[in-house]
Amino acid sequence: MPIYEYECQQCEAVSGFLVMKKEDQKKIACLRCGSKKMSKVISRVTYHRSEGDRLNEFDTQKPPGEEFYKDSRNIGLWAKKRAKELGADLGPQFDEIVENARTGKILKKYGL
Ligand SMILES: [Zn+2]
């Protein structure tokens, strides 16, 4: 079943919706406040592994492929690992960006 999670931009509640066809997307509205400003969250079910496991799988010497960008949380993890390798302290702002990427907030930016 294609159930997608959407996060409300207004109250940040996450609601799951069954999306079978394009038209279904228009009906998506926050279950808590009714806002239609929703951005897609990639299902958490698929990502039950620890961050450490995921970090270990990344090869930062290779440019990430198309699949990689489909989950924006990968971008955050990748950036984090790369920064660690470079010994860079990117500060609290970077953490915020990574956190946004990890929670899927950046998906909207990429039009997904
Ligand atoms: Zn809401």
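Predicted model: local features only at pLDDT ≥ 70, side-chain atom pairs only at ≥ 80, totals over all residues.
**Exercise 1. K21 and its partners**

Solution: 
- Step 1. Look for a carboxyl oxygen within 4 Å of the side-chain nitrogen. D24 qualifies: the closest N and O atoms of K21 and D24 are 3.5 Å apart.
- Step 2. Check D24 for another partner. K27 also forms a salt bridge with D24, at 3.4 Å from N to O.
- Step 3. Count. The total is two salt bridges.

**Exercise 2. Burial within the network**

Task: Assign D24 to a burial class, and do likewise for K27.

Solution: 
- Step 1. D24 has a relative accessible area of 11%. Under 20% means buried, so D24 is buried.
- Step 2. K27 stands at 60%. Over 50% means exposed, so K27 is exposed.

**Exercise 3. The zinc site**

Task: Which protein atoms are the donors of the zinc ion, and what is the geometry of the site?

Solution: 
- Step 1. List the donors. They are the SG atoms of C8, C11, C30 and C33, 2.3 to 2.4 Å from the zinc ion.
- Step 2. Test the angles. Those among the four donor atoms run from 104 to 117°. Four donors count as tetrahedral if all angles lie between 85 and 135 degrees, so this site is tetrahedral.
- Step 3. Read the spacing along the chain: C-x2-C-x18-C-x2-C.
- Step 4. C8 sits in strand β1 (residues 3–8), and C30 in the loop between α1 (22–26) and β3 (38–41). They are 22 residues apart, so the pair links distant parts of the chain.
- Step 5. Check burial. C8 has 1% relative accessible area, and C30 has 5%. C8 is buried, and C30 is buried too.

**Exercise 4. A surface patch**

Task: Which residues form the nonpolar surface patch, and where in the fold is L18 found?

Solution: 
- Step 1. Name the members: I3, L18 and M20.
- Step 2. Give the area. Together they have about 310 Å² accessible.
- Step 3. Locate L18. It is in strand β2 (residues 14–18).
- Step 4. Patch residues need over 30% relative accessible area. L18 has 42% and is partly exposed.

How values were computed: Residues numbered from 1 in each chain as written. Heavy atoms only, no water. Patch = residues over 30% accessible without salt bridge, like charges linked within 9 Å, V, L, I, M, F, W, Y side chains within 5 Å. Areas by Shrake-Rupley, 256 points an atom, 1.4 Å probe, with all protein chains shown as cover. Helix = DSSP H or I, 4+ residues; strand = E, 2+ residues; numbered from the N terminus. Buried < 20%, exposed > 50% of the residue type's maximum accessible area, 1.4 Å probe, protein only. Donors = N, O, S within 2.8 Å, 3.2 Å for Na, K, Ca; no water. Tetrahedral: all angles 85-135°; square planar, octahedral: opposite > 155°, others 65-115°.
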